Structures are given as structure tokens and as C-alpha cells.
Amino acid sequence: MNSLDIFRYTKDDPNEFDINKPKVDESEKNKYLSNLLSHSIKVSEEIFPNIAKSINEIFAKLKLENNFNFFVTADHIEANASCSAMPFSNKPDIVVTSKLVELLTKEELKFVLAHEVAHYYYQHSMYPHHSTAMTRVEKLNLLNLSRAAEISSDRIGFIACNNIQTSLRAMLKLASGLSDKHINFNFSAYLKQLDELESLGENESQLWSSHPNFLVRMKSLMWFEKSKEYNEFANHRQGTLTLSEIDKKIDSLISRLTGNELEVSNQEVYDRALLWASLKMYLVDKKFTKDEQEKFRQRFGEKKTMSTISFLKISNIDIIDQKINEAFMEANLLLKNEKKKLIDELISIGSEIKKSDITIVRYLGNFANQLGDERTISLN
Ligand SMILES: [Zn+2]
């Protein structure tokens, strides 16, 4: 493990998703590179000595090998940098626009370039893109992951340029699009805007965006700079809070702005799968006794129990399988930890019912299977 791994933001967790190694299409890759070589200029010491120097300094600071191609492309409008999303490609490409280079000082540019290097280092481009989501809840989870990836990458940008002021200056310039001559770098004055934004309550546009806004990014980075882990790494001093405490502060800041819609939606999907799968187990003997109804009520509440009972009066038992299939198809798109929790909870319900053990174990095996959980089920 490289030391950079410990700085990854907790919510930027690839283990929560099914990530498949994408196929690298060689002809696509060549097309992309030939396009870059035709329309952009490759950074070299001969042509862009300042940029090349920034790049060398970044890799020295991060103790990483530079196997990247850097390009500058003419764009006077957008101050942008991007990392070509070719995971496992042995030569990733990072492209910066001319406007970005003009806007930033050599040190500020290091923050942005290292942020892009971090996207490659953390393999963010392997994350499923939110545009591929099959349900609304999946899309919200993927957007949340994409925002989390930005927080991690900002940390590496900061470590590479080794100066919090420089990092914040770069962000303020990117947020405003303005150069030094117009800006007085008063960060606390800018961050008052965050208080104002928070006072407006949750905000749809944050929920649906792939990047956190610069207010959140700046605040998150300022907290990171105070962390124990960063301070031990950078200057052998004591920090105030652990990184996991800081990550929790960031989580709560983000959820104050995005609202709790993501948690609520995830919970609904979870509860639906839990309800139908439990019902199936209760009905293993084709009966839903008063005693079982009471247990069901304790778990799912009065309203859901009443509607389940009326549902059973008018429906064929086979419909439950259909309901389970629908609910599990949705639940399969939840985070891995949630899926594991769901199976755990179903196992404990199954143990509680404990009627015809073998059938319930078989049901549980099917539920786990549908969520890609390969554990062996046993009831105790
Ligand atoms: Zn980024």
C-alpha cells in the first residue's frame, strides 16, 4: 500500500460497488491518442518548461512513477483538466486547457495536475458512470460516489503542491474563472457563502451533480489539513482530529446540502426487499398465524402489516415471488454493505421462524444469490 491510500475519503469506496474491469479497446485508445497528437501539444521540457517542471515536482513529492502523457489543448473559455479514463492503460493521458494554464501559477497548477493524477491512481475511471444507472436510487448512489472521488483527489492535489493556501487559491480561481488581478484571496469571506447556502436547506442541484461545489471542496480540504494523519505524514506534528472524524464532518456537510433523499431512497428499497422476503419465509407452511403477524407488525409497523394482510386475502401466493424478484432487482443495486446487512437481517428472521428449516435455508440461499452474496447459509 502506498502512503497515499490512507488519504482516500471514506465514502470514496470502490468495495461498495460491483466494479468490472472494463475492456481496453486498443483501436479506440489509438484513435483517442491520435486525436490528441493532432490537436493538442504534448508537454515537454523543450516546449513548456514551466509545466514540465511542475509535473516533475509532483511526481517527486508523491513518490509515484510518471508514466503519464500530459497535453495542452487550446481552449480560451474553459479552465479544465481531465484524465483520460483508461484504467490499466500503461500510459494515461492528462489534458489541460490553455485557459487553465494561463489562469494558474506554476504552484497552483500542481494542485490541479496532481488532482488528475489522483483520479488515475485511485482508479476512479473504473467506477460505473452514473449515466449507466438503471434506477433512480442507483444513479443517486453513483453520483454520491463521483462526488466522493473529487474529495479524495483534492487531498492528493494539496499534498503535491504542499500548501493549503495555494490549493485554495487554485480552487477560488476555478470557481470564479478570474485571475489574480481581480481576486483578494479572502477564503473565509467566500466560505460565508456556504453558511448562506446551508441556511437555504437541502438543494436538488447538489444531489444530482457529479462534483461537490467548490465551497464544499474548500471546506473539506481545510478540515483535511488539520487531520492527525496528514500532519503526521507531512510535518510530524499533531493534528486535531482523525481522518475518520473529519470524513464524518464532511459526510454531514454534504448531506445537509443534498438532503437525506439518498438515505431515504436506499432505505425504501431495502425495506421492500426485506418485507417480501420475510413474508415468503413466514408463509413457508402456507399460514400467516396471529403470532407471526404480531412479529411482522413489530418489525414493519401497523400500516405495512395491514396492507400485507389485505394483499394476502386477494392475491395468489405466487405473486409474492414476483414481488420478491422486483424488490431484489432493485436491492441488487444498493451498496454492498447494505446488501450484506439485508441478508444478515433475513437470516435472523429466518432463524426466528425456524419452521421447516431446510426450505427456509433454501429460500435464504436464493435471496443471497440474487444479491451476489456467496455465503453458505445456516440457521442456528
Ligand atoms: Zn476531479
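User: How far apart are the C-alpha centres of domain 1 and domain 2?
Analyst: They lie 42 Å apart. Keep in mind that this is a predicted model.

User: Where do the domains run?
Analyst: The domain assignment puts domain 1 at 3–259 and domain 2 at 266–370.

User: How many residues does the contact take from domain 1 and from domain 2?
Analyst: Seven residues come from domain 1 and seven residues from domain 2.

User: And what is the domain 1 side made of, where it touches domain 2?
Analyst: Two nonpolar, three polar and two charged residues.

User: Switching to the sheet. What's the strand order?
Analyst: The order is β1-β2-β4-β3. This is an open sheet of four strands, and the pairing is mixed.

User: Which strands stand at the edges?
Analyst: β1 (41–42) and β3 (81–83) do. Each has a single partner strand, so one side of each has no neighbour in the sheet.

User: How do β2 and β4 pair?
Analyst: In the parallel sense, over five bridges. β2 covers residues 69–73 and β4 covers residues 93–97.

User: What stands opposite N69?
Analyst: D93, in β4.

User: Is the phi of G201, after α7, positive or negative?
Analyst: Positive, near 85°.

Technical notes:
Residues are numbered from 1 along each chain as its sequence is written. This is a predicted model: local features need pLDDT of at least 70, side-chain atom pairs count only at pLDDT 80 or more; totals for chains, interfaces and linings use all residues. Two strands pair if DSSP finds at least two bridges between them. Helices (H or I, at least four residues) and strands (E, at least two) are DSSP runs, numbered from the N terminus. Domain bounds come from an automatic or database domain assignment. Two residues are in contact if their C-beta atoms, placed from the backbone, lie within 7 Å. Ala, Val, Leu, Ile, Met, Phe, Trp, Tyr, Cys and Pro count as nonpolar, Asp, Glu, Lys and Arg as charged, and the others, Gly among them, as polar.
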